Amino acid sequence: MSRHHPHGHPALQAAAAAITLLAVAACSSAASTSTSAVAAASVGPGGHPPTLTGSGSTFDAPFFSVAFATYEQQQPAVSIGYSAVGSSAGIAAFSAGQVNFGASDVPMTAAEQAAAKGGAVTQVPVDLGGEGIAYHLSLPAGARLHLTGPVLAAIYLGQVTSWNDPAISALNPGITLPPAKINVVHRSDGSGTSYIFSSYLSAVSPAWAAKVGTGKTLTWPTGKAPPATAAWPSR
């Protein structure tokens, strides 16, 4: 998301122009409109090169790392720093005016937009990807573990707690699964990734929808959370 200031501070106008164009360029070819707007963003107050700062989604961070480096090569007068601190933290920092742009896997709600400081908020899609579940389990060479959405929901609900549970064994015939406990890991911070994952579980599991539901911040029925993600390096 970026912010439009029709009559705002010149530095904020420059920041908004640059990040909006960067987002558009990530989704389409907008060369015809980028030249003049980026030129306006290439010189800040007093003729000094501006530095744009952003924070938010960890999901977007790998794409941003490549996209921002490419952008800076093309526009050396502009430098961009990004902290991958999670969608909720990114929305909070952007809403408080602490960064020039934020990134979230979940669009800001009308209430969040109304609460943001500094003027109207512009939201622009920047990338598209999928989520996956990782597991740590020794299997025979060439074998892969098969799980369904409802069984995955049962694992995260704390209802399926061992790898050789009948619900998992039935999905993996011919594979001897160990009786080891499943150690569930989930995000600790407010996360758009958690929103997407919990939205999926709510769609495939009425039990999950009723007990946990969908959200960036969840009350997880089971599992442990690692420390919140550290800041993404700035260049």
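How many helices and strands does the chain have? The count comes to nine helices and five strands, taken as DSSP runs (H or I of at least four residues for helices, E of at least two for strands) and numbered from the N terminus. Starting at that end, the order of elements is β-α-α-β-α-β-α-β-α-β-α-α-α-α. The model is a predicted one, so local features need pLDDT of at least 70 and side-chain atom pairs count only at pLDDT 80 or more, while totals for chains, interfaces and linings use all residues. Residues are numbered from 1 along each chain as its sequence is written, and side-chain values use heavy atoms, with hydrogens and water left out.

Seven of its eight residues are buried, so α6 is largely enclosed by the rest of the structure. The buried ones are Gly149, Val151, Leu152, Ala153, Ala154, Ile155 and Tyr156, and they pack against α7 (166-169), α8 and α9 (206-211). Just past the helix, Gly158 has a positive phi of about 85°.

Beyond its neighbours within four places in sequence, Ile182 is in contact with Ile155, Val160, Thr161, Ser162, Trp163 and Ile168.

Val184 sits in the loop between α7 and α8 and, at 11% relative accessibility, counts as buried. Its C-alpha atom is 7.8 Å from that of Ile155, 29 residues away along the chain. Leaving out residues up to four places away in sequence, Val184 touches Ile155, Tyr156, Thr222, Gly223 and Lys224.

Aromatic rings pair up as well: rings of Phe, Tyr and Trp (its six-membered ring) count as a pair if their centres lie within 6.5 Å, with planes under 30 degrees apart called stacked, over 60 edge-to-face and the rest tilted. That rule gives nine aromatic pairs. One of them, Tyr156 with Trp220, is tilted, at 6.0 Å centre to centre and 50° between the planes. This pair links distant parts of the chain, 64 residues apart, with Tyr156 in helix α6 and Trp220 in the segment after α9; both residues are buried. Elsewhere, Phe63, Phe64, Phe68, Tyr82 and Phe101 make up one aromatic cluster.

Then there is the largest pocket, with a volume of about 840 Å³. On a 1 Å grid over the protein atoms alone, a pocket is an open set of points where a 1.4 Å probe fits, with protein on both sides within 12 Å along at least five of seven lines; lining residues have an atom within 4 Å of a point. Grid points are joined across faces, edges and corners, and the volume is the space filled by probe spheres set on them. The lining has 33 residues, with Gly132, Ile133, Ala134, Tyr156 and Val185 nearest the centre. The elements giving two or more residues to it are α6 (149-156) and α8 (192-204), and α8 provides the largest share, five residues.

Methods:
Contact = heavy atoms within 4.5 Å. Buried < 20%, exposed > 50% of the residue type's maximum accessible area, 1.4 Å probe, protein only.
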